[in-house]
Amino acid sequence: MKNILEIKKLSVSLGGRDILRNVSLSVAPGEVVAIVGPNGAGKTTLLKAVLNIVPYSGKISLLGKEINLKDIGYVPQYFRFEQGFPITVAEFLSMSFPVPDKNKINFIMKETGILKLANRMVGELSGGELQKTLIARSAIKEPKLWLLDEATSGIDMASASEFFDLIEKIRRKWGGGIIIISHEIDVVYRLADKVVGLNGSLVFEGEPEKAFSETSLEKIYGKDFRFISKK
Ligand code: ADP
Ligand code: MG
């Protein structure tokens, strides 16, 4: 089947520095691609290029066409509401365009396991609850491609397990392609079909089993990785 996302020879420079060089990458329907790499490797920048919010050279296409943001569900790495922000989860979900009807919002809240959060204030959600709320809000537009930037960092084991189920649901029921950035080995093992190691350029691509061999990790994280792993 045709790839959902196709990135060809992507390069990004920001503030006069080369952040990404010549990165090519594809995501098939229902495929979960995990991106791993050290801080500053350009992982978030790659997602921002797909979202067309940083200038880039190269070609990025979604189902053979130019990227249309309505086809993308994006859960950013850093996002927080002010504590007293005066809207509820249900109200936040209804702030989408086109405005979804009540049935749709209820359906999505049920599917994403946040029905019990409907009347909570968004500023008071825990990290895991907020992640699920952001995923639910994206799900309303039924994206073809999901971009999840370190969505599991800072959530506990129980929330992580619910998160895994949610991703499985996105993959099976909604059939979208998924790019997930994560530092957590268990997340990558559980979810990814393919792992991409990024450090400015693409340094590795393969199955999760191979991605975590010592040589791959050394390629991705550099020689210091060994030092850490053997301590
Ligand atoms: P990662 O998500 O892999 O940790 P990022 O993509 O956030 O890395 O950042 C990659 C590099 O690009 C970092 O060195 C960061 O400081 C730099 N960078 C990010 N955004 C900008 C910007 N707007 N201008 C200049 N440099 C930037
Ligand atoms: Mg990042």
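## Around ligand 1

Helix α1 gives the largest share of the shell around ligand 1, with 3 residues. (Helices, H or I with at least four residues, and strands, E with at least two, are DSSP runs numbered from the N terminus.) This is a predicted model, where local features need pLDDT of at least 70, side-chain atom pairs count only at pLDDT 80 or more, and totals for chains, interfaces and linings use all residues. Residues are numbered from 1 along each chain as its sequence is written, chains are lettered from A and ligands numbered from 1 in the order in which they are written, and side-chain values use heavy atoms, with hydrogens and water left out.

Now for some contacts: an oxygen atom of ligand 1 sits 2.8 Å from an N or O atom in the side chain of Lys43. For Thr44, the side chain has an N or O atom 2.9 Å from an oxygen atom of ligand 1.

## The magnesium ion

Which residues coordinate the magnesium ion (ligand 2)? They're Thr44 (through OG1) and Gln77 (through OE1), at 2.0 to 2.3 Å; donors are N, O and S atoms within 2.8 Å of the metal (3.2 Å for Na, K and Ca), and water is not among the atoms, so sites may look incomplete. The pair links distant parts of the chain, 33 residues apart: Thr44 is in α1 (residues 43-50), while Gln77 is in the loop between β6 (72-75) and α2 (89-94).

## Paired strands

Strand β1 (residues 5-14) runs antiparallel to β2 (residues 17-27), joined by 7 bridges; strands pair if DSSP finds at least two bridges between them. β1 also pairs with β4 (residues 57-62), again antiparallel, over 5 bridges. Glu6 faces Ser26 in β2, and its bridge partner in β4 is Ser61.

How values were computed: Polar contact = N/O pair within 3.5 Å; in protein donor to acceptor, adjacent residues only side chain to side chain.
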